[in-house]
Amino acid sequence: MKKDVHIAVLIMAAGASSRMDGIKQLMPWKDSNFLMETIKTVQQTNSTSIHVVLGSNAEFISAECSLKEKDIDVIVNSNWENGLGDSIAHGVKVLLKQTPGLDGVLICLADQPLLSFEYLNSLIEEFIKHPSKIIATNYDKKVGVPALFPKLLFEKLCTLKGDFGAKEILNDKSNVIISLDAANQIIDIDTNLEYQNLLNRTNNTLNT
């Protein structure tokens, strides 16, 4: 990776996980939990810096994951109830004050546990080739996160509202988007059933 390309990762983990029994960010996964395993994955990428956006149960999650002790930068959105878009906007605003000179922001979710660092690096590598374009993930007939946004869209990211995340920007036909295929790595865990299916799926894979 070119040393003069600065990419920050925002791991979105501010929601209340109301459709699950327990705190989704802390659901057991691999050697720890969803959030910590996401952080471990991102730490293996060619990004410049890593930031976690917390909201609901922020203090408890931070303490359970020992984020301060691990020197993980935490951004807390006190208005997390306003939705994912609001948390993205808050995170980017704080990020731009902390880290001037950024070229791109890679937005990830803490509830996509199958994503590999290799796939995230492929987004970064594509961005280096096309630094003015959005590099997003292909979801059949639409695109979504993980997605890497260029600095020319930072201002728009800072105005996001509601619970639609960055869809407003990703659905804007005036934005040039390159989409990559993450294949079977794309899965969102929002319910207890999805979590159990994930565990069954991974256990079956290990046992075959």
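Q: In this predicted model, how many disulfides does the structure hold?

A: A disulfide requires two cysteine sulfur atoms within 2.5 Å. In this structure, zero disulfides are found. C65 takes part in none, since the nearest cysteine sulfur, belonging to C108, lies 16 Å away. C108 is likewise in no disulfide, its nearest cysteine sulfur being that of C65, at 16 Å.

Q: Are C65 and C108 buried or exposed?

A: A residue counts as buried when its relative accessible area is under 20%. C65 has a relative accessible area of 1% and is therefore buried. C108, with a value of 2%, is buried as well.

Q: How is a pair of aromatic rings described, and how many such pairs does a search of the whole structure find?

A: The description rests on the distance of the ring centres and the angle of the planes. Here the search of the whole structure returns two aromatic pairs. In one of them, F34 and Y195, the ring centres are 5.8 Å apart and the planes stand at 90°, so the pair is edge-to-face. F34 belongs to helix α1 (residues 34-43) and Y195 to helix α7 (residues 192-207), so this pair ties together parts that are 161 residues apart in sequence.

Q: Which residues form an aromatic cluster, and are F34 and Y195 buried or exposed?

A: One aromatic cluster is made up of W29, F34 and Y195. F34 has a relative accessibility of 1% and counts as buried. Y195 also counts as buried, at 8%.

Q: What span should helix α3 have, and what is the distance between its end C-alpha atoms?

A: The expected span of a helix is 1.5 Å times one less than its number of residues. Helix α3 covers residues 84-98, so its 15 residues should span 21 Å; the end C-alpha atoms are 21 Å apart, in agreement with that expectation.

Q: Which residues of α3 are buried, and what do they pack against?

A: An α-helix has 3.6 residues a turn, so residues three or four places apart point the same way. In α3 the buried residues are G85, D86, S87, I88, A89, G91, V92 and L95. They pack against the strands β1 (7-13), β4 (49-54), β5 (73-76) and β6 (104-109), and also against helix α5 (154-157).

Q: How many residues has helix α4, and what distance does it reach?

A: Helix α4 (residues 117-129) has 13 residues and reaches 19 Å from its first C-alpha to its last, close to the 18 Å expected at 1.5 Å a residue. Its buried residues are Y119, L120, N121, L123, I124, E126 and F127. The elements covering them include β1, α1, β6, β7 (134-139), β8 and β9 (177-180).

Q: What is the volume of the largest pocket, and which residues lie nearest its centre?

A: A pocket is an open space, whereas a probe placed in a cavity cannot get out. The largest pocket has a volume of about 1,100 Å³. Its lining comprises 34 residues, of which L84, L109, D111, D163 and D190 lie nearest the centre. At least two lining residues come from each of β1, α3, β8 (142-150) and α6 (167-170). The most is given by β8, with four residues.

Q: How many cavities of 30 Å³ or more does the search find, and what lines the largest cavity?

A: The search of the whole structure finds one cavity of 30 Å³ or more. The largest cavity holds about 110 Å³ of space. It is lined by 13 residues, of which T38, T41, Q112, P113 and L115 lie nearest its centre. Helix α1 and strand β6 each supply at least two residues of this lining, and α1 gives the most, with five.

Q: Where is T38 placed, and with which residues is T38 in contact?

A: Contact is judged by heavy atoms within 4.5 Å. T38 sits in helix α1 and counts as buried at 9% relative accessibility. Leaving aside neighbours within four places in sequence, T38 is in contact with I11, L109 and A110.

Q: Where does N184 lie, and is N184 buried or exposed?

A: Relative accessible area over 50% counts as exposed. N184 lies in the loop between β9 and α7, and at 55% relative accessibility N184 counts as exposed. Leaving aside neighbours within four places in sequence, N184 is in contact with L114 and R201.

Conventions
Residues are numbered from 1 along each chain as its sequence is written. This is a predicted model: local features need pLDDT of at least 70, side-chain atom pairs count only at pLDDT 80 or more; totals for chains, interfaces and linings use all residues. Side-chain values use heavy atoms; hydrogens and water are left out. Buried means under 20% relative accessible area, exposed over 50%, partly exposed in between (1.4 Å probe, protein chains only). Rings of Phe, Tyr and Trp (its six-membered ring) pair if their centres lie within 6.5 Å; planes under 30 degrees apart count as stacked, over 60 as edge-to-face and the rest as tilted. On a 1 Å grid over the protein atoms alone, a cavity is a set of points where a 1.4 Å probe fits but cannot get out, and a pocket is an open set with protein on both sides within 12 Å along at least five of seven lines; lining residues have an atom within 4 Å of a point. Grid points are joined across faces, edges and corners, and a volume is the space filled by probe spheres set on the points.
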